[in-house]
Amino acid sequence: MPIPSVVIEPASSNEGDDDRDGDITSPTVSTGNGVTPESQPEAPGMPAGFLYKVEALHNFEAANTDELELKKGDVVLVIPTQHAEDQDAGWLTGMKESDWLQLGVTAPKGLFPENFTQRLD
């Protein structure tokens, strides 16, 4: 079975005055195919809505303020994405684990391309 390709589109253009600049804290997201990601039970010491961890395989330079800059090797805590169209376009939402451990709930959150990461078990 061939592996589907992922086309990365900009997470946002930051143009216009819309509501996409708010905190990304939605507890669930529909992917458009009727599947809602299942959240793991609230793990002690994890952010609200924590889904799973990924490791950055490549550097990612944030082009917009709602994106999360990554360096190869960064571990990211994935949380639900606020807008299904971002997730459908191949973007995930999360925060660096190192930032979460230092800053807690004030750790910066942002979008990053899913295909730049590998899920950790």
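Buried residues (under 20% relative accessible area with a 1.4 Å probe, protein chains only; exposed is over 50% and partly exposed lies in between) make up 36% of the 121 residues in the protein. The structure is a predicted model, in which local features require pLDDT of at least 70 and side-chain atom pairs count only at pLDDT 80 or more, while totals for chains, interfaces and linings use all residues. Residues are numbered from 1 along each chain as its sequence is written, and side-chain values rest on heavy atoms, with hydrogens and water left out. The accessible surface, computed by the Shrake-Rupley method with a 1.4 Å probe and, for residues, with only the protein chains shown as cover, comes to about 7500 Å², of which 51% belongs to carbon and sulfur atoms.

The protein contains 2 helices and 5 strands, assigned as DSSP runs (helices H or I, at least four residues; strands E, at least two) and numbered from the N terminus. From the N terminus on, the order of these elements is β-β-α-β-α-β-β. Among contacts (heavy atoms within 4.5 Å) with a separation of 6 or more, 55% are accounted for by residues 24 or more positions apart.

In soluble globular proteins, nonpolar side chains tend to be buried together. Nonpolar cores were defined as sets of buried Ala, Val, Leu, Ile, Met, Phe, Trp, Tyr and Cys residues joined through side-chain atoms within 4.5 Å. The largest such core has 14 residues, and those with the most contacts inside it are Tyr52, Val54, Leu70, Val76, Val78 and Phe112. Two or more residues each are given to this core by strand 1 (52-56), strand 2 (75-79), strand 3 (91-96) and strand 4 (110-113); strand 1 gives the most, with 3 residues. A second, separate core of 6 residues includes Leu77, Ile79, Trp100 and Ala107. Beyond its neighbours within four places in sequence, leucine 70 is in contact with Ala56, His58, Asn59, Phe60, Val76, Lys96, Phe112 and Thr117.

A search of the whole structure finds 2 aromatic pairs, for which the rings of Phe, Tyr and Trp (its six-membered ring) must have centres within 6.5 Å; planes under 30 degrees apart count as stacked, over 60 as edge-to-face and the rest as tilted. The rings of phenylalanine 60 and tryptophan 91 have their centres 5.7 Å apart and their planes at 70 degrees, so this pair is edge-to-face. The pair links distant parts of the chain, with phenylalanine 60 in the loop between strand 1 and strand 2 and tryptophan 91 in strand 3, 31 residues apart. Phenylalanine 60 is buried, at a relative accessible area of 11%, and tryptophan 91 is buried at 3%. Phenylalanine 60 also forms an edge-to-face pair with phenylalanine 116, at 5.8 Å centre to centre and 80 degrees between the planes. Phenylalanine 116 lies in the loop between strand 4 and strand 5 (117-120), 56 residues from phenylalanine 60, and counts as partly exposed at 24% relative accessibility.

A polar atom of the glutamate 67 side chain lies 2.7 Å from the backbone nitrogen of alanine 63.

Key: A polar contact is a pair of N or O atoms within 3.5 Å; within protein, one must be able to donate a hydrogen and the other to accept it, and residues adjacent in sequence count only if both atoms are side-chain atoms.
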